[in-house]
Amino acid sequence: MVLGGGIVPSMDDRRRRFEAQALPHLDAAYNLARWLAPVDAEDIVQDAMLRAFRAFDGFRGGDAKAWLLAIVRNCSRSAGADARRRAHAPLPEDDAGAIASGDADPEAQATRASESRRLNGAITLLPNEFREVLILREMEEMSYREIAETTGAPIGTVMSRLARARGMLKEKLL
Amino acid sequence: MTDMSCPEILRTQAWLDGELDEATAAEAERHANACAACRAFVADAAALSDSMRERAARWTAPPHLRTRITAAIANDSRRVRINLRSENFWFGAAGGVGLSALAAAMVFFLLLPVASSTFLESVTDAHTNALMSHHTIEVVSSNHHTVKPWFAGRVEVSPPVADFAAQGFALVGGRVARVAGAPAAVVVYRHGAHEVELFAWADKGRLLPRGGVSHGYRTMFWKEGDLDLAAISDMERGELEKFVQLVRSEKQ
């Protein structure tokens, strides 16, 4: 009982710290999983969050977002069927209309939706290692160092992949 | 076809992404302005950034997933409490990530020191100097019909001025300042306890970085018509983005 009294609060404390430091990045985690493996994104994120929670004692400060996204990325890869899955995955176009649109005019709205579909489709067609750096840079606005931390690639590689990704996306959109 | 023929293209990109220290940024900026391949790269990358921000799907976790995860963590918390032992596997895995991150960080510090750039430094300096001297406002008014004409004759540019009080950004006034040596109009807004400033100066064809953080202040840059614009504040990134969206959607 004496032992239990000491441990119970520390577990709750760990949970509180995790909820304060990691849970705020849930949307970022889901966005990355959705772009890497559209079909299994929910399972991947749940798996990653639980693994992150169990490993949380090993996380000594630093960038919680980059750390968490590294686990999400590993989970979506270790499922091992990235490419296979992507081949069957529907393009994330069904919800393109969900993106906030300031246009009241239905015609402008339709144009916007079709531009969104085209852009989403082009991003989906990028190979994984290029798609992920682009998502992390342009959507999560992460620094090169954070992207390197998440992807496990050296900074120089992050930089060249990002430049290639931008070039490839531009060509696909031409 | 993206022209990546210039050997400096990665440095130009790092400048665009706000990753360079001030001295390197100044050099990179000079080069980018003079090199056709780099100019084109910056224009393309900035356009892509804009369209991704505005039009690409950014997924948010569905509420039921959040609930499921919170429950799973609570459950796991109990389980661990009973076992009094946590699994060691992910300790190891996370350790590996940490180690490669450390290696990456060391390369980073050798390659690229702290993030900043000349426009970024210049706007940040103008903003913080005004804050420190309590001299942020030369014309006090919440009426854009008063603020906009006040700039005429004082500065060569006519900045977009509108009141976004309904959206939480109240117009409080304006002043003039200098950004990278050029006169700039500054429109001052208040958002709760935060001050947000919109800088506008004449677009002289110099390239702009997309944004960055310096001395705790975040700045976002964009071009519109014949103006270079920058919004700066110590607000959360999301709030500053909201403000920029408001300004950009306001047709003058």
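**Exercise 1.** Determine how many residues of helix H1 (residues 9-16) of chain B are buried, and what covers them.

*Solution.* Helices (H or I, at least four residues) and strands (E, at least two) are DSSP runs, numbered from the N terminus. A residue is buried if 20 or more other C-beta atoms lie within 10 Å of its own, exposed if 12 or fewer, and partly exposed in between, with C-beta atoms placed from the backbone. This is a predicted model, in which local features need pLDDT of at least 70, side-chain atom pairs count only at pLDDT 80 or more, and totals for chains, interfaces and linings use all residues. Residues are numbered from 1 along each chain as its sequence is written, and chains are lettered from A and ligands numbered from 1 in the order in which they are written.

Step 1: count. Seven of the eight residues of H1(B) are buried, among them Ile9(B), Trp15(B) and Leu16(B).

Step 2: find the cover. It includes helix H9 (155-173) of chain A, as well as helix H2 (22-34) and helix H3 (36-55) of chain B.

Step 3: look just past the helix. Gly18(B) there has a positive phi of about 70°.

**Exercise 2.** Classify the packing of helix H7 (residues 128-139) of chain A on H9(A).

*Solution.* Step 1: take the angle, which is about 95°, with the axes 8 Å apart. Axes are lines fitted to C-alpha atoms, for helices over the stretch in contact, and angles run from 0 to 180 degrees between N-to-C directions.

Step 1: apply the classes. Angles under 35 degrees count as roughly parallel, over 145 as roughly antiparallel, 65 to 115 as roughly perpendicular and the rest as oblique. H7(A) and H9(A) are therefore roughly perpendicular.

Step 2: list contacts (C-beta atoms, placed from the backbone, within 7 Å). Residues of H7(A) including Phe130(A) and Leu134(A) meet residues of H9(A) including Leu162(A) and Leu169(A).

**Exercise 3.** Describe the surroundings of Ile123(A).

*Solution.* Step 1: Ile123(A) lies in helix H6 (residues 106-124) of chain A. Step 2: with 25 other C-beta atoms within 10 Å, Ile123(A) is buried. Step 3: leaving aside neighbours within four places in sequence, Ile123(A) contacts Arg131(A), Leu134(A), Leu169(A) and Ala56(B). Step 4: Lys170(A) is 47 residues from Ile123(A) in sequence and 9.9 Å from it in space, C-alpha to C-alpha.

Technical notes: Two residues are in contact if their C-beta atoms, placed from the backbone, lie within 7 Å.
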